[in-house]
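The tour goes from one selection to the next.

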Amino acid sequence: MTGHPHPAPDERGLERLVATVERLRREAERARREADDRALIELATGVLVERLGCGPAQAAGQLTTLAAKAGVSRLEVAADVLRAVAGDRIGAAGAADPEAAVRLRVAESAALGAPDTQAAAAGLLEHALAPLGATAVAVWATEPGGALILAGYAGFTAEEARRWRHVPPGVLTPAGRSLTERRMIWHPDSSLPAIGRPASAGGRVTVPMTAAGRQLGVLEICWPHDLPPRPPRIERQIESLAELCAHTLDAPYAAHAPATPAQTEIVDLADTLPDPALVLRAHPDADGEPADFLVRHVNERITAGDGLLEAYPLVSGARLLEACPPAAEGLFARLEHVHATGEPFRAERMPFGLTTTGVADVSITRHGDSLLLVWREHDEGARLAGLLEHAQRLGRIGGFEENALTGQITWNAQLYSLYGLAPGDPPIPLERLRDHAHPDDEVALGRFLRTVLHHRRFAATAFRLQRPDGVARHMRVVAEPVFGPDGRLMAVRGAYQDISSQHWTEVALAVTRDQLAHTEEQSAARDRLALQLQQAIMPPSHGRIDSLGLRIAVRYRPAQKEHLVGGDWYDAVALPSRQVLLSVGDVAGHGVEAATGMVVLRNALRGLAATGAGPAQLLSWLNQVAHHLADRMTATAVCGLYDPPTRTLRWARAGHLPPILLREGDGAELALVKGPLLGAFTDARYEEGQVQVQAGDTLLMYTDGLIERRDHNLRHAQDRLLDIARRPAATLEHRLDDLLTHCNSDTDDDTCLIGVHVT
């Protein structure tokens, strides 16, 4: 035969034992639920006994009769009776939902009857939160400083609860956010660390648990999924549960409650403090929020008349705002915050209207339902002494005094540090200063000591201090004698200052100044060389060249600053072909490089013009010179060839401003022809223009230094030049001088100007 093997006798016994344990557990849970239900019904029965003036049996019968007539359970009737009588938040939360009202009242009954917060959390989850879909709940209690303690939980494993038993201050968790922001927060699934994650990865809600304005903790409820839109009635139910949990953490609040052992300890602590201290307790308004703070205790510093203005006497039992109105200015808000959150408050030099100076160091801490307020009035003399000590440390200054009557020498702590001595070492007398200085400074120190100790006058000197640790420091010492009313020497006072960093800075500056002077000398020599080179190459700026029916005048104006010597050039020369070469140009840059570049291009153009080529071809060749033979310099230029028999001017330009032709009192620029900078492109092409001149015409060629201004564009400057050029002039030289005078350029650049008059 085949079949399933029968379990062994031991296995059957184990299975029966497991089944028995499970059955007993279910029965215990059922009995607990029934006990919670009975407690709620008994509470409602007691209310009916008091209201109807009947016995318990008649009240229970009345409860049953009301349930039968309404067609609801006795639990629902009991919950409705309690809502009508109590008028509390739980009743308001369940007013529109009878089922919720029952759940909340059963949860309330279970919590009030629970032996501890752990049992209250389990009853809360079973009776009130599981029907809302929640799977876990945590009850957090606050500690001074903002820490959180897991006081009770349900739905989490014991291992998870052990890991989260304490959350230090400053750790950002969902419960910590509610504690800090003092409001209910709905949290979607996020990356914030929290109890139950990642097992409980759904949404959760956290709400502060408040009693009489004090945040005693935070209630955290978890769902296994993202939270749907929450209606206001759900929020009211959760808020009522948070208020219920608050009662499991603290006894009901009463302003007149007798002192507890914890309150006695805080009073004893206040009496041991060396500073003025108050023990305060919140005085609630009708809504349970602090309207004022009652003075529970004042320590001996205040009762002795120290640390508080006489206008505001404080005694036990007084109200803070009534006795001391200045407390409303900033202090009351701090007290409220510490009372609500338990987060300590400390501040230095805080405005504090209860003291004579109006400024104090203040500390506020919460201990149970009491606040400890401690302050220390700022002493102005001590503050100034602290500032002086701080300034001496930053300035590396140490002070001393030598009593001429007793011989006692007093040093401050900074002077010991400057000398490299320990505070307990004997100070060094002023007359023994030479024993600790560099031998080369002996003469200067001797003169200093004679002035102070013998002539008894103020003196100062610098020296090198040889410290016992082998370190040498550059120091400055100043001293002056102090005389009594009878003219007798009483003491010598003075100070030392470590000026080592200043000394080495001065040494470095001296080296830098020497290097700078050498560099400036070299630069000046280069500028002089460039100017001499330029002046040697350029023809005279004044004078007249008469050749082949032309009268030619030139002007050259160098830059005012020698270091700005540039590469401007001009040329006017008769060629072997009996044509006249007219040119101006400007090499980019300043200094020797620009001057030598000008020499290269000017002389190259003269040599190339002897070939008889036209202006466009001459500039094309000159571009090759600038690009390949002159270390890739760039320049602008205008090249013109005048043929006297035909009175024809052929011209080309390389990025330069066009010439101006003046005729019969009018003038205009020559039609622009294309041509890029010299040296900019390898195979640059240049166009050639031609103009027929007449007797009496004047041609002007110039570089941009004549017209450039920083505050106007180039077109505006060209129009201004035309206006000046059209003015009548007695001679060609007068016209050029007039242009140099009235074309008010401001760039301090070289200027070349050629005037050609056809006779």
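## Stop 1: a residue in helix 1

Select Leu-17, which lies in helix 1 (residues 9–52). This is a predicted model. Is Leu-17 buried or exposed? Its relative accessibility is 52%, and exposed means over 50%, so Leu-17 counts as exposed.

Together with Leu-17 they form a nonpolar patch on the surface. The accessible area of these three residues together is about 300 Å². As a general point, an α-helix has 3.6 residues a turn, so residues three or four places apart point the same way.

## Stop 2

Next, find the open sheet whose five strands run in the order 8-7-11-10-9. The pairing in this sheet is antiparallel. Which strands are at the edges? They are strand 8 (290–298) and strand 9 (345–351), each pairing on one side only. On average, neighbouring strands of the sheet are turned by 30° against each other, with direction ignored.

Stay in the sheet and select residues 277–284, strand 7, and residues 370–377, strand 11. Five bridges join this antiparallel pair.

## Stop 3: helix 18

Finally, select residues 592–609, which make up helix 18. This helix has 18 residues. From first C-alpha to last it reaches 26 Å, close to the 26 Å expected at 1.5 Å a residue.

Which residues of helix 18 are buried? Among them are Val-592, Met-598, Val-599, Leu-601 and Leu-605.

Terms used
Residues numbered from 1 in each chain as written. Predicted model: local features only at pLDDT ≥ 70, side-chain atom pairs only at ≥ 80, totals over all residues. Heavy atoms only, no water. Pairing = 2+ DSSP bridges. Helix = DSSP H or I, 4+ residues; strand = E, 2+ residues; numbered from the N terminus. Axes fitted to C-alpha atoms, helices over the stretch in contact; angles between N-to-C directions. Expected span 1.5 Å × (residues − 1). Buried < 20%, exposed > 50% of the residue type's maximum accessible area, 1.4 Å probe, protein only. Patch = residues over 30% accessible without salt bridge, like charges linked within 9 Å, V, L, I, M, F, W, Y side chains within 5 Å. Areas by Shrake-Rupley, 256 points an atom, 1.4 Å probe, with all protein chains shown as cover. Salt bridge = Lys/Arg side-chain N within 4 Å of Asp/Glu carboxyl O.
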